[in-house]
Amino acid sequence: MLPALPDIMLEPLVRAGLLEDLGRGGDLTTNAVLKGTERVRVSLRCREKGVLAGLDLARLSFHLMDPSLLFERLKMDGTHLEAGDVVAVVEGSARSILTGERVGLNFLSHLSGIATATAAIVASMAGTKARLCCTRKTLPGLRAVQKYAVRAGGGISHRMGLDDAILIKDNHIALVGSVHEAVARARKAAGHMVKIEVEVDTPEQLQEVLAGEPVDAVLLDNMPVPMLRTCVEMINGRLLTEASGGITPQTAAAIAQAGVDLLSVGWLTHSVKALDFGLDFEKSL
């Protein structure tokens, strides 16, 4: 079962979303149209096939508006959904439910879209050793929940931030002058728990990495599949291998079959298509 993120991490995101939506005058439409005494039962329903993620943020969007609302979870994050599946039902004040609806659906749709795209690529790589991971290309403020959604789809996380690993990229190397010097400086500065990865663009750069001070992983950036195979053969299991750059659902399988350990994909978090959810009225209470 996918471990849930604690509410203390989620509440600030949902609270900020609700405050943005409520603006300076609150929900003018609902406050004008409803008396405030209406009580209803509604369902959160998926409109298309996909993978669920973000239901706790939807729950909080209702509970922060009105703690007395009853929220019944029917599906768990990571569940594969069919069009028409109901993932939760909500009961209570119609005014509170309608006011919290959009923020909850926004989180649910966005994160489920990430989980769905992740699951599709993971499925395409079946039979290989490769795993799919996301990157730091996340929307500001949403990194924790977007990476959670990747896990819901069967992927894993790359770095959470700049502070949990060393990744020497092309600009670092250009400024220092060589792969060897960059790695030497990194090895001197790194603590015993910090891993070091180096980005390379060619087999020649990879050879420089292999001939120098030891590192933990190598990022094979924007390489065609034949070149990836060459680099994997050169490494021969000595380093963790990560393919990155321009990976799509159509190319992921061939890249995984080249023998790399990881495929890292930025668009999973920065520009994925949302999964369609809606809130359906069931009955008055």
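Select E11 and R15. The two form a salt bridge, and their closest N and O atoms are 3.8 Å apart. This is a predicted model. Both residues lie in helix α1, residues 7–22. They are 4 residues apart, about one turn of the helix.

**Salt bridges across the chain**

Next, pick E282 and R41. Here the closest N and O atoms of the salt bridge are 2.9 Å apart. E282 belongs to strand β13 and R41 to strand β1, so the pair ties together parts that are 241 residues apart in sequence. E282 is partly exposed, at 35% relative accessibility.

Move on to K273 and E48. They form a salt bridge with closest N and O atoms 3.5 Å apart. This pair also links distant parts of the chain, 225 residues apart. K273 sits in the loop between α11 (267–270) and β13, while E48 sits in the loop between β1 and β2 (50–51). K273 counts as exposed, at 60% relative accessibility. E48, by contrast, is partly exposed at 24%.

Now select D7, D56, R59 and R73 together. Salt bridges that share partners join these residues into one network. How many salt bridges does a search of the whole structure find? The search finds 12.

**The sheet**

Colour β3, β5, β1 and β13. These 4 strands form an open sheet, in the order β3-β5-β1-β13. Their pairing is antiparallel. Which strands stand at the edges? They are β3 (70–73) and β13 (277–284). Each has a single partner strand, so one side of each is left without a neighbour in the sheet.

Zoom in on β3 and β5 (residues 86–93). They pair in the antiparallel sense over 4 bridges. Find R73, which stands opposite A88 in β5. R73 is also one of the residues in the salt-bridge network.

**Helices across the strands**

**Two domains**

Zoom out and colour by domain. The domain assignment gives domain 1 as 7–121 + 272–281, and domain 2 as 125–264. Their centres, taken over C-alpha atoms, are 36 Å apart. The contact takes 18 residues from domain 1 and 17 residues from domain 2.

Show the surface between the domains. Domain 1 and domain 2 bury about 1,300 Å² between them. Carbon and sulfur atoms account for 77% of that area. Which three residues of domain 1 supply more of its buried area than any other three? Select L13, T118 and I121: they supply 43% of the area that domain 1 buries against domain 2.

For the last stop, look for salt bridges between the two domains. The count is 0.

Key: Residues numbered from 1 in each chain as written. Predicted model: local features only at pLDDT ≥ 70, side-chain atom pairs only at ≥ 80, totals over all residues. Heavy atoms only, no water. Pairing = 2+ DSSP bridges. Helix = DSSP H or I, 4+ residues; strand = E, 2+ residues; numbered from the N terminus. Salt bridge = Lys/Arg side-chain N within 4 Å of Asp/Glu carboxyl O. Buried < 20%, exposed > 50% of the residue type's maximum accessible area, 1.4 Å probe, protein only. Domains from an automatic or database assignment. Contact = heavy atoms within 4.5 Å. Buried area = accessible area lost by both parts, 1.4 Å probe.
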